Amino acid sequence: MKGLIIVNPYGSVAPSVHHAQRMKEELNKRGVEVEIISDGFSRVVIEGKCAKIDLEAPDFAVYLDKDKYLSEVLEKGGLRLFNKHDAVRICDDKGQTYIKLAGAGVHFPKTIFGALCYRKDSAIKEEWADNIAAALGYPVIVKESFGSMGKGVYKADNRDELLSIMEEVKLKPHLFQEYIGYKPGVDVRVIVIGGRAVACMERGNENDFRSNVGQGGKGKQIMLLPRFKEVAEGCAHILGLDYCGVDLLYTESGEPYVCEVNSNAFIDGIESVTGINVAGIYADYIIKTVLEEKAKKKY
């Protein structure tokens, strides 16, 4: 069996590099020949109705980039991606994620979408801030729709701060959410593989409302509560994810609220905190899935 691990061509942060290397290591241990590539975009040509892929006949690819065009054309050319194109596309866009989860039986903070702006000199209407605050209360969380590791996430404690952030993000897709402050700066990261929760940790940050390790948060191993497990696995199913990290917030009622779902959740933190071989579990799942899907095609 041959596989690819596809990473971003413009360089990656250390946790992303580690993620790719760990997946290669565990797949190699299981007899899978693996190449890590960053030039996938240049190996694909669309011509008429065909997508021509200049690759060494791989059986699958672990897709660790977020380029939705590359993932779609690779899938159109017949390559099995982990995760699939639609799942990557939806999870990369926070707005699309919440839309997909809405009405599906999971809870997340009240959300209002920001108006799309196309001109830098367009003025923010102050009454918008008043309407947002009336619906969500202060503090208000503002999120750019595209971003990871806590980047592009802001907290407005009052009207002036909200207007300032609205001005800063107006040219980017963004949204506003109610602040869930039952345990400030704390969330639960759950890794789900093949629809099954396999590892979790609680992340906390004493100096920031964002629990992300990239913003100074630290993880610790905890026992996964049944409802948190159910919600995390439900999110993976709803979004069609082979692999993901689901970030859940504590609430006073005990019902977990979905903060975000990450299709390429990093492996290093969860493995070091829990001691669980997450990369190995994912490798086993990939091999099993590829073999099962090949067997189905024969019949």
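# Questions on a predicted model

Me: In this predicted model, which residue has its backbone oxygen 2.6 Å from a polar atom of the side chain of Thr 274?
Reply: Thr 274 is part of helix α8, which covers residues 268–274. A polar atom of the Thr 274 side chain lies 2.6 Å from a backbone oxygen. That oxygen belongs to Ile 270.

Me: What is the distance from the side chain of Thr 274 to the backbone nitrogen of Ile 276?
Reply: The Thr 274 side chain has a polar atom that lies by the backbone nitrogen of Ile 276. The distance between the two is 3.2 Å.

Me: Is Thr 274 buried or exposed?
Reply: Leaving aside neighbours within four places in sequence, Thr 274 is in contact with Ala 199, Cys 200 and Gln 221. The cut-off for a buried residue is under 20% relative accessible area. Thr 274 has 12% relative accessibility, so Thr 274 counts as buried.

Me: Why does the span of helix α7 agree with its number of residues?
Reply: Helix α7 runs over residues 226–239 and has 14 residues. The expected span is 1.5 Å times one less than the number of residues.

Me: Which elements are included in what covers the buried residues of α7?
Reply: The buried residues of α7 are Phe 228, Val 231, Ala 232, Glu 233, Cys 235, Ala 236 and Leu 239. An α-helix has 3.6 residues a turn, so residues three or four places apart point the same way. The cover over the buried residues of α7 includes α3, α4, β11, β12, β14 and β15.

Me: Is Pro 226 buried or exposed?
Reply: Pro 226 has its place in helix α7. Its C-alpha atom is separated by 15 Å from that of Glu 202, 24 residues apart along the chain. The cut-off for an exposed residue is over 50%. With a relative accessible area of 67%, Pro 226 is therefore exposed.

Me: Which residue just after α7 takes a positive phi?
Reply: The phi in question is about 70°. The residue that takes it, just after α7, is Gly 240.

Me: Which residues that line the largest pocket are the closest to its centre?
Reply: The largest pocket holds about 850 Å³ of space. Its lining is made of 37 residues, and the closest to the centre are Lys 66, Ser 148, Met 149, Asn 264 and Phe 266.

Me: Which elements give two or more residues to the lining of the largest pocket?
Reply: By class, this lining has 13 nonpolar, 14 polar and 10 charged residues. The elements that give two or more residues are α1, α3, α4, β12, β15 and α8.

Me: Is His 19 buried or exposed?
Reply: His 19 is placed in helix α1. Not counting residues up to four places away in sequence, His 19 touches Leu 64, Tyr 243, Asn 264, Ala 265, Phe 266 and Ile 267. Its relative accessibility is 2%, so His 19 counts as buried.

Me: Is Asn 207 buried or exposed?
Reply: Asn 207 lies in the loop between β12 and β13. Its C-alpha is 8.0 Å from that of Gly 185, 22 residues apart in sequence. At 74% relative accessibility, Asn 207 therefore counts as exposed.

Me: Is Ser 145 buried or exposed?
Reply: Ser 145 is found in the loop between β8 and β9. Beyond four places away in sequence, Ser 145 touches Asp 92, Asp 93, Lys 94, Gly 95, Pro 173, His 174 and Leu 175. Its relative accessibility is 4%, so Ser 145 counts as buried.

Me: Which residue has a side-chain oxygen within 2.9 Å of the backbone nitrogen of Tyr 69?
Reply: This contact is at the start of α2. The buried residues of α2 are Leu 70, Ser 71, Val 73 and Leu 74. The side-chain oxygen that reaches Tyr 69 is that of Asp 67.

Me: What is the omega of the cis peptide bond that joins Tyr 138 and Pro 139?
Reply: Pro 139 lies in the loop between α5 and β8. The peptide bond that joins Tyr 138 to Pro 139 is cis, and its omega is about -5°.

Conventions:
Residues are numbered from 1 along each chain as its sequence is written. This is a predicted model: local features need pLDDT of at least 70, side-chain atom pairs count only at pLDDT 80 or more; totals for chains, interfaces and linings use all residues. Side-chain values use heavy atoms; hydrogens and water are left out. Helices (H or I, at least four residues) and strands (E, at least two) are DSSP runs, numbered from the N terminus. Buried means under 20% relative accessible area, exposed over 50%, partly exposed in between (1.4 Å probe, protein chains only). A polar contact is a pair of N or O atoms within 3.5 Å; within protein, one must be able to donate a hydrogen and the other to accept it, and residues adjacent in sequence count only if both atoms are side-chain atoms. Contact means heavy atoms within 4.5 Å. On a 1 Å grid over the protein atoms alone, a cavity is a set of points where a 1.4 Å probe fits but cannot get out, and a pocket is an open set with protein on both sides within 12 Å along at least five of seven lines; lining residues have an atom within 4 Å of a point. Grid points are joined across faces, edges and corners, and a volume is the space filled by probe spheres set on the points. Ala, Val, Leu, Ile, Met, Phe, Trp, Tyr, Cys and Pro count as nonpolar, Asp, Glu, Lys and Arg as charged, and the others, Gly among them, as polar.
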